[in-house]
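Visitor: I have a model open and want a quick tour. Can you walk me through it?

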Amino acid sequence: MKFDVVIIGGGLAGMVCGIRLAEAGKKCAIVSQGQSAIHFSSGSFDLLGRMPDGTEVSDPIAAMAELGKIAPEHPYAIMGEKFCAEHLQQAPEILRSAGISVSGDCRKNHFRITPMGKMKPTWLTIDGYLTTASSERLPFEKVCIINVEGFLDFYPEFIAEEFRKQGVVCNFGTINLPDLERIRRNPSEMRSVNIARVFDREENLEVLAAKIREMASGCEAVILPAIIGIGRDDAFDVLKSKVNTPLYLLPTLPPSIPGIKAQQALQHRFRSLGGEYFLGDTVLSAEWKDGRVKELFTANHGDIPFRADHFVLATGSFFSKGLVATPDRIVEPVFGADTVFTPDRAEWYTLRFFDRQNYQAFGVRTDRSLRVVKEGVPIENLYCAGAGLAGFHPVQEGCGAGVSLLSALFVADRILKGE
Amino acid sequence: MNIQQNTVSENNFEQCIKCTICTVYCPVAAVNPDYPGPKQAGPDGERLRLKQPGFFDSALKYCLNCKRCEVACPSNVRIGDIIQSARIKYGPRKNTSLRNFVLANTDLVGSLATPFAPVVNSVVALKPVRFMMDKVMAIDHRRVFPKYAHGTFTSWYNKHAAAAQAAFPKQVSYFHGCYVNYNNPQLGKDLIRIMNALGYGVRLLDREKCCGVALISNGLYNQARRQAKINLKSIREAVTDRDLDVITTSSTCTFTLRDEYPHLLELQNDDVRDRIELATRYLYRLIRSGQGNLKFKEGAPLRVAYHTPCHMEKMGWANYSIELLRMIPGVELVVLDSQCCGIAGTYGFKKENYRTSQAVGESLFRQIEESGADVVATDCETCKWQIEMSTSKPCEHPLTILASRLA
């Protein structure tokens, strides 16, 4: 099979890179080992929330200049402040063109609310999810937090505890329905997706709206877990139209409804642009010629290779096995690319889970064009984008989505410019 | 020492990180709350079953073995295989009702029915007969039965084609499957026409039995294993003794021969697996590598919607059928979202599954109706039955469409 570009990995970076290239007329294939980490999405896309020393960032673009000095190996520093600033409009446009409506400002972070009620600085948030402009103030003083009876992936008490610190009065409500009773027969599978399917049904949405109206009385706003709209896109709008109190969603523990919807929207967009999406396949080996990748062989396609002029490694980090930790080193399993890590395993992590962990910044070694380096030499037509890159701390710095989006655009840009 | 290598189980089940992505993409869990979903039925349940086989949950019978959980899994866990193996290992020993026996023995029932096809087809279409089958055998009365052909593909081949096919210098072996033999010999003839146009003669295996997919899903494992051994012997004769590739026209037969034999029936096929493949992939390779070329006639514009069967999705080969269809002048191709049609072989014929089956397929049927297609194309015969019964569109094999446009 012959393509202009073959992208390995169908997560945020792979998909956005594919969409950008396909928009520019390139024939692209995405080969993905399984569904991606977008399924764990919070409903927000972070750009830069904190500096490496923990200082909170208000203006991400301004902070990038500073970051470039402190962390010259950070992907933002490699791509350059100028590139990042120029492309920070393009990234949300790509999301919107796929049908993911996001709001946010790359010059001023807003705050998203985690499933535990904590506030985190972020860049873009999917419409409908609760955000606040300041971490000091929520947009209401009295709120009703509603949960589904028996749903274990959402914790109104934790959320209320955080909200109360800002003087917000919290009421609680629970919802139960005969259809919910039916899925509760498998209590461990009482998950966001199964619940959302119940509320895809018009009659259940109607009952939900009536119950919310009842429970919301005297409250300025209502908070629901993200359990609305898996099979249909209009469910949340329909619900809002039936309730006259402002209604906000909060993310749940995975699987994440906004994440699943975003994944499907991106995949749909990629395919509608003529992209071919190969799910559930694993790249086994590569053929090389004159320092270039010539073709890839996969588990499903056996002797029929994927040929392309350019290849993009967007296989992600440890979760998706884009990086594999052995007892003494970090391995990139597809190409055996060089990786960046500290040789002393004792330095890989600290015992405090929420600390800045060194292993999170491990990744694939690249040159300044994000070309993958193997045995010390950059490979001419193989780029790396997304979570597999080295030099950044997605969790502590709150920059995972930003690195994925920007590096995807950076790599697409290089390929289109014919470098 | 590679620690991981020594702890990896057969189906990779300890690699499950409980992310629940499989359950998101399970067509049954989406519509039937009696089914706990692939994570619970697969790796979670397996941990319990390994400790105590009594933890086997009879709800595993609701799994329709589509393997979409495996395609979605980011950790390469063979969830579908875990579930099906558990049914074989821990499930009820005597699982064979008359109904299941009849549905599973496509070979036997097909050879009994084809000589009397006109009568059989009319009789099973009668309302009172369907009502009886529903009451006595629990085969749903709403289900439309596939028609039997009057005379099998193999008898036609032996009488009218064998000699001419043997005269071609290049040869390929064909595993025709029950559907071509008993229901749609025309598809086999279409394949022969296409292969002949590329300079290949088509020969049959010395002995072919049903691939066994329906036997496996209906709990007739010993019979499935016996038939699989006969098929593997014939395939080995073709591949090893005569150096011939073995092609099929059914995505599910292909998948069963290649992957279910080693994974579920524990019959090793490493020596021949790579030589068994779907005809569309075989054709794609011949044409793209410049070893053959097809000449088409000019045809009226035809809008074709391609449906990806579940086992095709699992093999990852839909693209080959799609690319072949795209080669046909006048064909405008729409690729439908890859999702289960709900029939899953014999599953949808059973009274207790009828509702689930139609609910699973509902969004596909809607998409087909909205596609504006003249015809739906798919590589799986049972998907074809389901689509023709549940939508207003005809459904054909890609090779039937292709053969109809050959110059």
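Guide: Let's begin with domains. Domain bounds here come from an automatic or database domain assignment. For chain A, that gives domain 1 (2-100 + 260-416) and domain 2 (130-250). This is a predicted model.

Visitor: How many Å apart are the C-alpha centres of domain 1 and domain 2 of chain A?

Guide: They lie 34 Å apart.

Visitor: And which domains is chain B divided into?

Guide: Chain B has domain 1 (9-90) and domain 2 (302-404). The centres of domain 1 and domain 2 of chain B, taken over C-alpha atoms, are separated by 26 Å.

Visitor: How many residues are in contact between domain 1 and domain 2 of chain B?

Guide: 14 residues of domain 1 of chain B are in contact with 16 residues of domain 2 of chain B. The area buried between domain 1 and domain 2 of chain B is about 1,100 Å². Carbon and sulfur atoms give 64% of that area.

Visitor: Which three residues supply more than any other three on the domain 1 side of chain B?

Guide: Val31(B), Leu64(B) and Arg68(B). Together they supply 47% of the area that domain 1 of chain B buries against domain 2 of chain B.

Visitor: What about polar links between domain 1 and domain 2 of chain B?

Guide: There are 6 residue pairs in polar contact across that interface, both residues at pLDDT 80 or more. The salt bridge count between these domains is 1.

Visitor: While we're on chain B, where is the pLDDT below 50?

Guide: First, the overall picture: the mean pLDDT of chain B is 92, and 97% of its residues reach 70 or more. Over residues 1-6 of chain B, though, the pLDDT is below 50. Beyond near neighbours in sequence, that stretch has 2 contacts in the model.

Visitor: Now chain A against chain B. How many residues does the contact take from each?

Guide: 35 residues from chain A and 37 residues from chain B. The two chains bury about 3,000 Å² between them, with 45% of it on carbon and sulfur atoms. Gln35(A), Glu189(A) and Arg197(A) supply 17% of the area that chain A buries against chain B, more than any other three residues.

Visitor: How many salt bridges cross the interface of chain A and chain B?

Guide: The count is 4. Glu276(A) forms a salt bridge with Arg326(B), with the closest N and O atoms 3.2 Å apart. The interface of chain A and chain B also has 16 residue pairs in polar contact, both residues at pLDDT 80 or more.

Visitor: Which elements of chain A give two or more residues to the side that touches chain B?

Guide: Helix H7 (178-183), helix H8 (192-199), helix H11 (257-272) and strand S13 (276-279) of chain A. The largest share, 5 residues, comes from H11(A).

Visitor: Last topic: what is the strand order in the open sheet of chain A?

Guide: S6-S5-S8, with antiparallel pairing. Strand S6 (119-122) and strand S8 (131-132) of chain A each have a single partner strand, so one side of each is left without a neighbour in the sheet. S5(A), residues 110-113, pairs with S8(A) over 2 bridges.

Visitor: Which residue in S8(A) stands opposite Phe111(A)?

Guide: Thr132(A).

How values were computed: Residues are numbered from 1 along each chain as its sequence is written. Chains are lettered from A and ligands numbered from 1 in the order in which they are written. This is a predicted model: local features need pLDDT of at least 70, side-chain atom pairs count only at pLDDT 80 or more; totals for chains, interfaces and linings use all residues. Side-chain values use heavy atoms; hydrogens and water are left out. pLDDT is the predictor's confidence in each residue, from 0 to 100. Contact means heavy atoms within 4.5 Å. Two strands pair if DSSP finds at least two bridges between them. Helices (H or I, at least four residues) and strands (E, at least two) are DSSP runs, numbered from the N terminus. Buried area is the accessible area (1.4 Å probe) that two parts lose on being put together, summed over both. A salt bridge is a side-chain nitrogen of Lys or Arg within 4 Å of a carboxyl oxygen of Asp or Glu. A polar contact is a pair of N or O atoms within 3.5 Å; within protein, one must be able to donate a hydrogen and the other to accept it, and residues adjacent in sequence count only if both atoms are side-chain atoms.
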